[in-house]
Amino acid sequence: MTATTMNRRPTNDRTTYTGPRMIATGEATAMLPTETTPPIKVFGTQAIRETFDDLCLQQAVNSRLAPGVTDLVLNPDAHCGYGAPVGCVMVSPTHIYPGPVGVDIKCSMSLLQLDLPAEAIEDRKVRRELISAICRRTPTGAGKGQRHAEKSRHVNRSLGRQLVVEGASEDVCQSLGIPTSWTFRCEDAFHVGHDETSDALGARLEMLLERRDMSNFSDKMKQLGSYGGGNHFGECEVIEVGEGEHARATAATFGLKDGNVAFLSHCGSRGFGHNLASGQFKHLQSKFDQWGIPLPAGDRELVYAPLGSDEANDYINDMSLGANFATVNHLLINALVLEAFQEVIPGTKGNLVYFISHNIARKEIVDNRPAWVHRKGATRAMPGGHHSLVGTPFAKTGHPILLPGNPRDGSAVMVADEGASASCYSVNHGAGRVLGRRHAKRVLDQATVDSEFTTGDILSNCRNYPIDEAPAAYKDFEEVLRSVKTAGLASEVARLKARFVIKDASKADD
């Protein structure tokens, strides 16, 4: 598979896994042995583990045996990806891997809490007006950008250059009408270069802008404030805080309001991130060919670079540029969504609960030494008291974990427990696919999918909800959550019940 085909999800017929099988170690834990390393940690009930197909397991073993990898974790949402499975955590103190970040650099979740009671959007006409107001500001679809939404924010080339280098800086936020206070509710409000300076990003950007494959930079900046296609979405929710003192106290710290309206968003770095990642894959693959270095398991998506090398520095810089775009993209979308609510329901107020990524490599302390933790379709899960949360609003409770399920069954807000240390302080990023896109289109019935939305009184901007994104294309969300809770990784704080969905019905771009 080449870098140019990475937007196509692999199929299960490429390989048959013949290695060791998972061995249960608890009700929701297991290990997957390898021949030469400590085993892979697996989190999921037996029912969830049965959803891990042969290719997913083979990719997990390949990734664990790759150079410099010291830990690999499979989360309940795991399924086949590119090189490494989606839903895995991969740790290396010596190497950086583009595959376990993927082409949608820093694809993330964010949640906006509004001060509206659920009754304020009960009327279907109000919800239709809100859908229209949001779509006039935040376009959906592959390649769509500001020119496709009449009330979007215009981002010129100069501001684009600034935001991909600085991330959500005070100046960038003020230029785009984003509340600067929201940056304190981000996993990372900005990213720096390989030498931990923004100067490295500025220098790298200048070099990139001289290349032919970045000649469309200005056009990609015009995608800021948009969702894209595929599994990306915006979803209006009603918050249901869980029972129990722990859930209520944690919800209060998070700023969640029981019975009120909220808005959940899922998107990443759009075409800019894809350009950066695709360029990196092509470059590293050519280096492996040039140097005659064997690929891990012969998989071209498992290329890597040793830390400290020029190739590693360039990748870290490119990943950071894409991550800064993704950060500002989310914050701008939330500002535009709030503006849309205010247009339809004057006086509406809102505040960001949290913004958290699930396609990123972060430098963290693992086993008392620095290492790069690659989370591919995996979410950071730091409990209260963790050193990385000192000085944040979540130092005592742990930070919010935003887990999308599906519109029919809802989504969840969780918080890490001490047991998350066993999973490299990570959990799944959602339900995880159980049907590939083509398979879903073959076996699912459009009328049945649409009737579920009618029964649930869930509106959408789509005439027909994308069948390859139907709830049945994803794993059983209740079983996924049960896996996380039973394994002692995280506790549930609140459920999110969908009231309408902003989605793209055209060809997927994820």
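Which residues touch the most other members of the largest nonpolar core?

**Close-up 1. Inside the largest nonpolar core.** In this predicted model, the residues that touch the most other members are Leu74, Val164, Phe263, Phe341 and Phe500, out of 97 in the core. Helix α10 (residues 310–344) supplies the largest share, with 18 residues. There's also a second, separate core of 58 residues, and Phe477, Val484, Ala487 and Ala490 are among them.

**Close-up 2. The surroundings of valine 164.** Leaving aside residues up to four places away in sequence, valine 164 touches Leu201, Leu205, Phe217, Met221, Phe272, Ser320, Leu321, Asn324 and Phe325.

**Close-up 3. A salt bridge between lysine 287 and glutamate 311.** Here the two side chains meet at 3.9 Å, N to O. Lysine 287 sits in helix α9 (residues 270–291) and glutamate 311 in helix α10, so the pair ties together parts that are 24 residues apart in sequence. Both residues are buried.

**Close-up 4. Arginine 437 meets glutamate 469.** This salt bridge comes in at 2.9 Å, N to O. Arginine 437 belongs to helix α11 (residues 437–443), while glutamate 469 is in the loop between β18 (459–460) and α13 (477–486), so parts 32 residues apart in sequence get tied together. Arginine 437 counts as buried at 13% relative accessibility, and glutamate 469 does too at 5%.

**Close-up 5. Glutamate 478 pairs with arginine 495.** Their side chains form a salt bridge at 2.8 Å, N to O. With a relative accessible area of 42%, glutamate 478 is partly exposed, whereas arginine 495 is buried at 12%.

How values were computed: Residues numbered from 1 in each chain as written. Predicted model: local features only at pLDDT ≥ 70, side-chain atom pairs only at ≥ 80, totals over all residues. Heavy atoms only, no water. Core = buried A, V, L, I, M, F, W, Y, C linked by side-chain atoms within 4.5 Å. Buried < 20%, exposed > 50% of the residue type's maximum accessible area, 1.4 Å probe, protein only. Helix = DSSP H or I, 4+ residues; strand = E, 2+ residues; numbered from the N terminus. Contact = heavy atoms within 4.5 Å. Salt bridge = Lys/Arg side-chain N within 4 Å of Asp/Glu carboxyl O.
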